[in-house]
Structures are given as structure tokens and as C-alpha cells.
Amino acid sequence: MSVVRLLLWVALAPLLPGLINKVKAWVAGRQGPPVLQLYYDIIRLWQKGVVLSTLASPVFVLAPAVAWVAIAGAAFLVPLGPAGAGLSFHGDVLLMIYLLALARFCTAWAALETGSAFEGMGAAREVSYAVLAEAAMFAAMLSLAVQSGSVSLSGMLSPSPGAGTVLLAAGLFIVLLAENCRVPFDDPNTHLELTMIHEAMVLDHSGPPLAVILHGASMKLLLFAVLLTAAVLPLRSLQPLAAAGALAGGVLVVTIGVGVAESFLARFSFRRVPLLLTMAFLLCLFSLLVAWKGGAA
Amino acid sequence: MAGTLAVLVAALAVLFGQNEWEWTSNFVLGGERVHMRLDGLSALFLAIVSVIGGAGAAYARDYWPDSEYPASAARGRVWWNALLLCMGLVLMISNGLLFLIAWEAFALCGFFLITLDNRRPEVRKAGWLYLAASHAGTLSLFAFFAMLAAHTGSWDLGPVRDVPPALFWLALFGFGMKAGFFPCHIWLPSAHANAPSHVSAIMSGVAIKMGIYGIVRFGGWLPLPASAGYVVIGLGAMSAVMGIAFAMAQNDIKRLLAYCSVENIGIIMIGLGAALLARAHGNAAWGQLALAGALLHVWNHGLFKSLLFFGAGSVLHATGTREMSRLGGLWRPMPWTAGFFALGAVAVSGLPPLNGFVSEWLIYLGLFDAATTRSGYAWAVLPAAILFAIAGALALAAFLKAGGTVFLGASRTKAAAHACECGAGMLAPMGLLAAVCMLIGIAPSLVLPAIARATGSWNPAWSSAGGAPVSTIGPALLALAALVAAAGFLLWKKAGANGLRRDLTWDCGYREPTARMQYTSGSFAGISLGWFRWIFHTDFKFRRPRGPFPPGSLRIERFPDTVLEWIVVPAGAVITRLSNAALGLQHGRLQAYILYLVAGLATLGVFVFLEGKL
């Protein structure tokens, strides 16, 4: 069962960036790349050779593997509606957040291996903005924990609709955009600009490690989309089939939302990025306060 | 070495056995019998003293050898052993007067160890600052123990009931000065940066824990003021965020590590504060989780911080500089040191599957559990948890900066390019500490009985091993470690099979990248430091490039300690000025002295006269 679950995560994840690109193409009136483009890219990269920087240590190749395992482990902990999580225990939410942090550490470490100014910049931005994103994430998870009275993901993600849920959804959506380096924080379409975050960090990767990085990034996007959906929709109270449909529909809506946001927004200037993240944090904080006061009333 | 091994065995025997060890001798010192007791709590601290003490002694053989430091090497060994002995005594003595004596001796040993290399003026300055701060704390402890003895009528230490709760504040300040939480940390960065690295390791990994021991110990014994939990948790959260923000700003790698100790002390105090809060409100189970996390973090921080200081010491030994902007690319000449340092960096950032994660996870779990109760008194855990999360993310950034700038990329100077790996005598202690860090990470259930015993001796209601959460996280972390290793191996094989080729780092098609084009530690920290401008008072020097052929430009930023240079030093200056003004009274003119006498007598007379009237 747990193998099937992991395979599902691994197989479906690269679909999301393809869908986002398709949405963007439709909005712009283009045909756009096929939805399965990322699968082709990953398969092609997996068969290619590797060019290593003369400065890089073997860790440069190992770090993407560690990051991928960490993201897959975090995905394994996220419950899928009535199907529950692959592994659920008291406090698994903290393990999930810290696994994502481990993935970030590995990616940024590998970026610093090359001694490139671009990659140093990307790493610095990634870890700095993560400070605010993590604060928002903790506020969001605290508000879910306070609302449900549980500290495990499968217990926490049983929301009751209310004003807090709307705030939480808005906050988590911004965190999703920031953590996955989408517009307005970063532009996944550009390569090699001084203003990038994630793409700048992985400039020097090639071959199988790059394939692993791309796949890990898509899995992280799917993870955040599932988390956002499960934090808003009461999946556990539905029939299994209906819940699966609702989950898939929710993820689809989030994906289309990302695509639409990317079509209509330009990337923010870097000075405004912390402001937007602070707003996400405040949204999550207010939802936490609503949850806290809701219990007292 | 043999001695530390024996002490370790004794401490572990108490931790994992059932008995407490108590010994009262007939030997009388200062009018008091020597009375020692080793219970679960002191044994926990004693174990880390012995582990780091042993590892540091082994490290010092190669790091501070007789051949290079003929004057101070032997002196260092003597003071090292004296320091270990005094810390052991502090942990075991159960008599207020003798505790003070041992405490003072411990502080003095620390002073002599910090100033081993006493020819350098900055070392002497750091030593004096340490001594002054340490005595400010000891003064408060003198008052504390004296008032304790006055209220109980005996110097014996133990749980007491009929003393004013305000005494706790004296203990908190006195021990806090040693523990170095923000803003009592003023002595810590310079002392830890300027001491020899093995001394920094034991000062940062173990000696400041003596302050924590004092706070934990008397937090358990004294009747507490109602606000104690809130104050401790607040100080902890402030210390965690401020400590790591200052760490992020440093360019000196040992100063960075020292400030990170301030952060970790803050983390321990968050856990302790939550425990105090829980105990004040009916021994809620989440308090036990937080306390277990805090006590485990005492061990973990001791282990990985000593590992990191040893690593920094090896770098200093090999290159002769602590400035990160002069290092870089050290993984090539020093692969083992780099590997151990990286492991320590992962552990100190609290990432799974290493030991730092286990203890931070327990503290978080305590805070989250407290939040789910929605009790009116538990509100303090919400800001604490969020600030803790911010500190954790900043710690990750700070250690990426440290590890990345020192060990990765290209060498920035010749010294860094020509470094060579240190000997086995220095690598072995690092390897040992790294192994223990991994072991506690993937098998936390092994140390759980010890922690449960310590929480039980702090609060008898919490002696049951709150081990259910730990026994679930352990296998998960073990599986994670195994998967990480397997995935790394597979990807390496795959990349090798597809063919590996080496080429220059890609820099927009520019074929001649130089080491000076790398991102520096200052730029790396720039974004997050901008958010803390309000607390930094940065010294800033900037010479712009001018004209068509600029002769050279520079930009220097220094981040002095705000508390020290903007609060303590000005306050000290005011006191000095007042004292100097008072000095004017003493000028050697006999007539004036007689006038003082007469005036004093007259005033006294007036007082006595008025007293009689009233």
C-alpha cells in the first residue's frame, strides 16, 4: 500500500508544472508545450552524462539525492483524505516541515559548492526568504493544531469552515508560491538572470542530478497543493471516491490558480518579496488567533 | 582521560540504574561538612562534562602541543583538569557554601584557560571581560545562597518551601550570567572566540551548561513566582532569535559559533520555561515533553557545538585565520574536517536525521501540545513556537554561510589554498563526537531512559518515561538515514555510469572566474541582516571607486555586540565618572578629613537625637 502511495506521488508530480505551463499558454493564446513535457525532460536528463564544476566535491552529486529523499519522505507523511498518511504519528507535522528544511539545506549547500556568484545569490535568497516562509508555515500549522486539537497531520487536516479557513488558505497559497519559487517571487521560465532564486541555485547541475532536482521540485509543488487542499476541504467526512475526486479537483484548482497568477502578475522587485511573505505570515497568524479565540467562545 | 572515563561510567550508572549516590564525609571545610549527591539531573550534566572533557583533552594533545606552546601547554593541561574537577564538584555538592566555593574555583579555572595565550592583547581583554561578567553573576549568587541559608537556617541544599519566591530572580540572574542568554551574553562571544579552540569547545559546549544546571536545579527546588515560566520562556525566545541574528552577522567563524551558543541556550530555556509553566499549572504532560527536549538539547548542543569548535580549531590550525572571508575551498585539503563540520552544521540546524532534530522536535511537540489545550495560561507558547521556528530557519542560513564560505568554492587566499589536513589526534575526537551525534539521531530511544530519569528527579510526577513520541520518531529517522545513504549511493553510481566530466563553473560564458567573484559571507547574510538593522549598530566603512581608473575601493562592516558596546560600556563609563568624581574627596589634606569626621558625627548625632524624639 505504501509503495503504491509513493509511486502515485512520484508518477503524478511532474504533471503539475506541465499543467501550469498549459494554463499560461492558454491565457496567452499560445499552444504551449505538451503537458507531459517535464516527463520527457526528466527521462532525457536521466540518460545524459554529468559535467561537474572543477571546484565541486562529490557532495554536489549526493545532495540532490538527499533532497529528493527528504521531499519524498515529507510527501509520504501527508495524508490523502480518507486514505490517511503513509506514516502518521504524534508530531509528524514537525518532521514534515523539517524534512523540507533538510531538502533546502542540501540544495543550497550544493549551490555553494561551485563557488559561482549566481548560485551564491540564489542560495542566500532561498534561505533568507525561507525564514519568513517558515514562520508563516508554523503559524498555519499551529492554527490547524489549535483548531483540531491534534498534532498529527491526519488529525489536523479536518477543517471546519469559517473565517479562519479563508485566511489560512490565502496565507498558505502565498507560501506555496514562495516555497516553490513561482511568480511573483521567482520566474521559473527564465534562466540566468540576477533575479532568480531556485533556478539560480541549480545552474551548474546536469544529467541525472538535475533530473532528480526537477522531479523533487515538482513533488514539493504537489505536496503544497495537496496540503492546501486538505487544509480547506473537509476531505475526511466524504465518501472515499468523492474525497479522491475532491482532492484531485482541489489540486487542479490550485494548479490553475498558480498558472493564472503567473499569467497576470509580474515578478516583484526583491525589496517587495519580504513584504508579501510578511503578509502571508500575518494571514496565517490571524487565522491562528481566530482558531485560539474560537475555542474560548 | 582515564579519570573522565571513570566519571562517565559513574554518571551513566546513575542515569540508567536505579540508585542515587550520596556521600557525606566527616571532613569539615569552612564549618560545613562535605556533602555530595549525584542524582539523575546532575548525572545528566556530569555525563556531558566527562565526554567533552575527554574528547577535548585528546584534541589538545595535537592542537596545543608542548612543541609549539612550551610555556602554556603544561599550564593548559593543569587548568583543564582543574576545570573538569570543579565542574564535577559544582554538579555534585549539595551544600550552599561549598557550592559557592566550587563555583568560584570553576569560574577562575575558566579564566586561566581562556587566557592561555596571554601574550595577545585581545585574549587578555576577553579574559578580563569574562572574569568581570562571571563575578557579577557570582555576586548575585552570593546574595542568593546567603538569603536561602538565612531563611532555611542551614546551608544544605534541597527542595525548600518557606522562602520568598523572589529569590528565584537572583538565581536566574546569577546563573544566567554564566549560561549567557541574551542580554547576559556580553562576555561570551569574545571569550569563546579568543580562547584556544578546545577551551572554546568546553566553555561553549559544557561550561555555560553549568548556568543552565543552576537554573534547572533551583527552578525545581524553589517556590517560584507566578511569572517565572513566562519570563524564562520569553528570555529563551529572545535569546534564540537575537543570538542567531548576531551569529549571522559575524565574519569570524568562532564568534559565529559563540553567538550560536546564545541561540541554543535560548532554545533550552524555551523548553525549560514551558516546563515551569506546566508545573505551575498541574503538571501537564506537555511540560514533560518540553523539559525532556530541553535536557536532551543540553547533551546535543554540547556534542555538536564541541564538534564545530574542534572543526573551527582545525581550520585555524591549518590556515592561521578565523576570518571566513579569507578562507574557502577547504574541503579539498581537509576532507575529513569538512565532512565532520558539515555533519555538525546539519545537527546544529536541527535537521533530521541527526540529534539536534530530536531535541528540538521534543520541545516543539511540548509547545504544540500546550497550544492544543487552549488553556488561558498557555498563550505564551504561541509566540515562542513561532520565534523558535524563525530562529531555526536563521540557524540553517547561518550554518550554510559558515560551512559554505569556509569549506566550499574556491580558496580566497594563499593560506587557504596551502592548508593541510590535521592529524589523527585531532580527527579522532571529532569523529567520536560526530558518531555520537548520529547515534542519538537515529536511535533516540537509547538515551531516553536517562532523560526520563533526569526529568523524574526534577519533578517526581514526571518520572514516567514520556517515551511514546520518541519511540515513534526513532525508527522514522533511522529509515530516513538509510534511505538517504541508499539514494546518494544510487545517484552517484548512475552519474558515474553516464560519465562524469570536469569543467569550469559556468559564469555566463566568462572563462576566467576568480575566487574574488564568489559570493562572500557578508553578501550571503545581507538580506536577513537587513531585517535586524534596528538592533545592530554597524560600524561601516565604504570607499567608493572614483574616477576612470579607480585606485581601489573597500567596504568594511563590523557588527559589534549591541548590548556590550551600547549599554554596558556606557553604563560602565558613567560609573567610572561618578567614582572619579568621588575620588576628589580624597586629596590628602588633613583639615578636610577632620571636617568630614565632624560633619559625619554631627549628622549621626542629629539622627540619634531625632530617633529618640520619634
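**Reading the two chains**

Author: Start with burial. A residue is buried if 20 or more other C-beta atoms, placed from the backbone, lie within 10 Å of its own, exposed if 12 or fewer, and partly exposed in between. In chain A, 61% of the 297 residues count as buried. This is a predicted model: local features need pLDDT of at least 70, side-chain atom pairs count only at pLDDT 80 or more, and totals for chains, interfaces and linings use all residues. Residues are numbered from 1 along each chain as its sequence is written, and chains are lettered from A and ligands numbered from 1 in the order in which they are written.

Reader: How many helices and strands are there in chain A?

Author: Helices (H or I, at least four residues) and strands (E, at least two) are DSSP runs, numbered from the N terminus. Chain A has 12 helices and one strand. From the N terminus, the order is α-α-α-β-α-α-α-α-α-α-α-α-α. The radius of gyration of chain A is 19 Å, close to the 19 Å from the globule rule for 297 residues, so chain A is as compact as a globular protein of that length. That radius is taken over C-alpha atoms, and the rule is 2.2 Å times the number of residues to the power 0.38.

Reader: Which residues have the most contacts inside the largest nonpolar core?

Author: Such a core is a set of buried Ala, Val, Leu, Ile, Met, Phe, Trp, Tyr and Cys residues joined through C-beta atoms within 7 Å. The largest has 341 residues, and A136(A) and A385(B) have the most contacts inside it. Helix α6 (residues 117–148) of chain A gives the most to this core, 22 residues.

Reader: What does A385(B) touch, leaving aside its neighbours within four places in sequence?

Author: Two residues are in contact if their C-beta atoms, placed from the backbone, lie within 7 Å. A385(B) is in contact with F138(A), L142(A), Y364(B), L367(B) and F368(B).

Reader: How many residues does the contact take from each chain?

Author: Chain A gives 68 residues and chain B gives 60. On the side of chain B that touches chain A, α18(B) has the largest share, 13 residues.

Reader: How do strands β1 of chain A and β3(B) run?

Author: Two strands pair if DSSP finds at least two bridges between them. Here four bridges join β1 (residues 50–53) of chain A to β3(B), and the two run parallel. L52(A) stands opposite R502(B) in β3(B).
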